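Open the model in your viewer and keep the selection tool ready. We will go stop by stop.

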Amino acid sequence: MGQFKFHSKLKQYRRLLGMKTGRPLTGPQHVSLETTHHCNLRCSFCESHGNLQPAPITRRREYVGDRVTMELKTIQRLSKELAEVGTDLVELSGKGDPIAHPELTEIVKALKDARLNTSLVTNGTLAKPDLARTLVERRLDRLNVSLNAGSPEVYLRSNHKDLWEKAIGFLSKVLDERKRAGAKRPWVRVSHVVTKENVEDFDKMVQVAIDLGVDGVDFYVMGELPETTHLHLDDREIEMIRAGADEWGRKLDSAGIDHTLPQFVTDLELRGNSAQSGDQQDNPLQKKVPCYIGWNFLVIGPDGTVVPCCYCEETHLGNINDESFADIWYGHTYKQFRRASLDMPKTGRPICDECFSSCNRAIENTQIYNKLHPFARVPMESDSALSQG
């Protein structure tokens, strides 16, 4: 089963034209809606709830109006506003687990009633027995379950809770309910942030995706946090992944499973080698091209704060409790942000602290740039060699 495309060709063309002209001509392709910041796991690599952090984000962040969980009525209004501007996909995800929200199924209903493609990112361990069937019945479009392991032992080491069976059980139930209903959705994916704690499980991560019969599997390079630099992969581990990637890719291809192994290896080569021994990651590719996040993506926190992405949290673009989403999206503050994003290669000034280090959108931004500037393409291969040299 191929991955669903959660955007229309017309709106994608309008976004590209907007990037070329420096203004938005339609809504975002992808909105990450953080309905709650509560989570039950303590994954080592996580900046929000990780066991290496001084405290969970819910005790470290200041929330406007003390809103740690977004109200259903706010989401119902927002759903209509997102649809009106032309948003393609709303993903329930972020710094907490959406299943922790007490009204999750009503949230999915509100988004689907607004005719929005809807995705859910979860660790799956808080799922009630009837959730799998309800998500199929509510017509959820995509489900991503974060595993970060291929075995119970490594799951416990990486996520710090002995809940492997719950996560796998939830995945199996969703796939069974989808089959029982004769439905094609939700498209089911598992994901892994690869660190020293789970890299030895790479072969099993591939195999568990095949055994479950999921539709896709994603691998991610760990972000950069002062507390987690010792979890970055070393040369030997990077070479192990590089050497095994082709075979793992063939296995997944043979099983009909969509995967991101080629992009993961490229991203690992771009950022991984410089992330060892406590060194700051280096992202040479992102220094050469603009960032197009201001047309494609944004995050809305549980208190209504709008920020451009998961990295640029210090850049507040508005609050949905104070003004409509359209007013924020087409407003002056967003306009200034987009201009600074396009000017990055000229000014050398990043739009956030992680643009030139741990940002994982360099490849996507380069692909967009090359599409917009076919006669001034930026090759990605040379940057890979640069990072290794």
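Helices and strands here are DSSP runs, numbered from the N terminus. Keep in mind that this is a predicted model.

**Stop 1: a loop.** Select T35. This residue sits in the loop between β1 (30-33) and α2 (57-60). Is T35 buried or exposed? Its relative accessible area is 2%. Buried means under 20%, so T35 is buried. Now show what T35 touches, skipping residues up to four places away in sequence: V68, T69, M70, I75, L92, P98, H101, I107 and P302.

**Stop 2: the largest core.** Select L147, L171, F202, F219, I241, F264 and I300. These are the residues with the most contacts inside the largest nonpolar core, which has 90 residues. Which helix gives the most to this core? Color residues 164-181: that is helix α7, and it contributes seven residues.

Stop 3: Zoom in on F202. Leave aside its neighbours within four places in sequence. F202 is then in contact with V194, F219, I241, W248, L261 and F264.

**Stop 4: another core.** Pick Y292, W295, Y369 and V378. They belong to a second, separate core of 14 residues.

**Stop 5: the surface.** Go to helix α1, residues 9-21, and select Y13 there. Y13 has 54% relative accessibility. Exposed means over 50%, so Y13 counts as exposed. With Y13 they form a nonpolar patch on the surface, and together the three have about 330 Å² of accessible area.

How values were computed: Residues are numbered from 1 along each chain as its sequence is written. This is a predicted model: local features need pLDDT of at least 70, side-chain atom pairs count only at pLDDT 80 or more; totals for chains, interfaces and linings use all residues. Side-chain values use heavy atoms; hydrogens and water are left out. A nonpolar core is a set of buried Ala, Val, Leu, Ile, Met, Phe, Trp, Tyr and Cys residues joined through side-chain atoms within 4.5 Å. Buried means under 20% relative accessible area, exposed over 50%, partly exposed in between (1.4 Å probe, protein chains only). Helices (H or I, at least four residues) and strands (E, at least two) are DSSP runs, numbered from the N terminus. Contact means heavy atoms within 4.5 Å. Patches are made of residues with over 30% relative accessible area and no salt bridge: like charges are joined within 9 Å, nonpolar side chains (Val, Leu, Ile, Met, Phe, Trp, Tyr) within 5 Å. Accessible areas come from the Shrake-Rupley method with a 1.4 Å probe; for residues, only the protein chains shown count as cover. A salt bridge is a side-chain nitrogen of Lys or Arg within 4 Å of a carboxyl oxygen of Asp or Glu.
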